[in-house]
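The sequence and structure are shown first.

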Amino acid sequence: MNDNNINILIANVYQENKKSKDYHKLIKRYQPDLVLMVETNLWWQKEMDSLSATYPYQILEPLENTYGMLMYSKFPVEGKIHYLVEPDIPSIIAEVSLASGQRVKLFCLHPKPPVPQENPRSTERDKEILLAATMAKESKLPVIVMGDLNDVAWSYTTELFGKISGLLDPRRGRGFFNSFNAKYFFLRFPLDHIFCSSNFSLKSIKRLERCGSDHFPMGVNLEFAPQAEKFNEHLVPTAEEVETAEEKLNAV
């Protein structure tokens, strides 16, 4: 790896899961530069405290409502927790400095899913996803968006996110990398995502082994490579899609 690489591991740990040692083993084996864990409460934060020796840069928001987030980085990180749409659903917006000194804008999301027993509409989820898309589009820095978006890769909202943000899905043309539900081999969907700006090239993408959660962890290794812009696809939204995005952003 060169100094413009960033190796990322994202994991929805499933809050009630107690197999924290399995994640320690996975992190030790995979050696990511940055780890994002969601569905993390105070118990999970305490269990992962020993990562501090290797991952001194941290943004931590443990919550008991299954929407806590923990970020651990080997690289310097500056950022904070935001509540973009709902008062109990956090996101992380930060900047990470690669070994080369290149700064990268990070957006870490875990919006609430539209399920009847929890949230019957997709309004809040779509709004958070598209807010991140708008901010990513406006960023002067290279961008990575990651997390459990509670939306499949082929949905209209995810496709709209890609067009509004201008970001790329590293899975495109390489497979779905279905991360949920890890408990059922016959019914799985790609819910855990990493998107990046077109000035990145993909070095590797992997669905990693299950660690007791209903989600598989995902590992993505990206290289900041400005020359990649010439070869990467650039998605452009239609006027109708821009209007739809604005409607979703203005929804109450």
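P76 is located in the loop between β4 and β5 (77-82). The model is a predicted one. With a relative accessible area of 38%, P76 is partly exposed. Beyond its neighbours within four places in sequence, P76 contacts Y57, E95, V96 and S97. The C-alpha atoms of P76 and Y55 are 9.4 Å apart, while the two residues are separated by 21 residues in sequence.

S73 belongs to strand β4, which covers residues 69-73. Is S73 buried or exposed? S73 is buried, because its relative accessible area is 0%, below the 20% limit for a buried residue. A polar atom of the S73 side chain lies 2.7 Å from the backbone oxygen of F75. When neighbours within four places in sequence are set aside, the contacts of S73 are D33, L34, Y55, P56, Y57 and V96.

V38 lies in strand β2 (residues 34-38) and is buried, with a relative accessible area of 2%. Not counting residues up to four places away in sequence, V38 touches A11, N12, V13, Y14, G68, M69, H110 and D148. M69, one of these contacts, falls within the residue range 69-73 of strand β4. V38 and C108 are 70 residues apart in sequence, and their C-alpha atoms are 9.5 Å apart in space.

E39 is in the loop between β2 and α2 (42-47). Although E39 is not a glycine, its phi is positive, at about 65°. E39 is buried, with a relative accessible area of 13%.

T66 is situated in the loop between β3 (57-61) and β4. T66 has a positive phi near 75° and is a residue other than glycine. The relative accessibility of T66 is 28%, so T66 counts as partly exposed.

How many of the ten residues of α4 are buried? Seven are, so α4 is largely enclosed by the rest of the structure. The buried residues of α4 are T157, T158, L160, F161, G162, I164 and S165. G166 follows α4 and has a positive phi, near 80°.

Helix α4 (residues 156-165) packs with helix α5 (residues 239-249) at an angle of about 110°, and the axes are 11 Å apart. The two helices are therefore roughly perpendicular. On the α4 side, the contact is made by Y156, T157, L160, K163 and I164; on the α5 side, by E241, V242, T244, A245 and K248. Five residues of this contact are nonpolar, two are polar and three are charged. T157, L160 and I164 take part in the contact with α5 and are among the buried residues of α4.

## The chain as a whole

The protein chain contains five helices and eleven strands. Of its 252 residues, 52% count as buried. Where contacts join residues at least 6 apart in sequence, 64% are between residues at least 24 apart. The accessible surface of the chain amounts to about 11500 Å², and carbon and sulfur atoms account for 51% of this area.

Technical notes: Residues are numbered from 1 along each chain as its sequence is written. Side-chain values use heavy atoms; hydrogens and water are left out. Helices (H or I, at least four residues) and strands (E, at least two) are DSSP runs, numbered from the N terminus. Buried means under 20% relative accessible area, exposed over 50%, partly exposed in between (1.4 Å probe, protein chains only). A polar contact is a pair of N or O atoms within 3.5 Å; within protein, one must be able to donate a hydrogen and the other to accept it, and residues adjacent in sequence count only if both atoms are side-chain atoms. Contact means heavy atoms within 4.5 Å. Axes are lines fitted to C-alpha atoms, for helices over the stretch in contact, and angles run from 0 to 180 degrees between N-to-C directions. Angles under 35 degrees count as roughly parallel, over 145 as roughly antiparallel, 65 to 115 as roughly perpendicular and the rest as oblique. Ala, Val, Leu, Ile, Met, Phe, Trp, Tyr, Cys and Pro count as nonpolar, Asp, Glu, Lys and Arg as charged, and the others, Gly among them, as polar. Accessible areas come from the Shrake-Rupley method with a 1.4 Å probe; for residues, only the protein chains shown count as cover.
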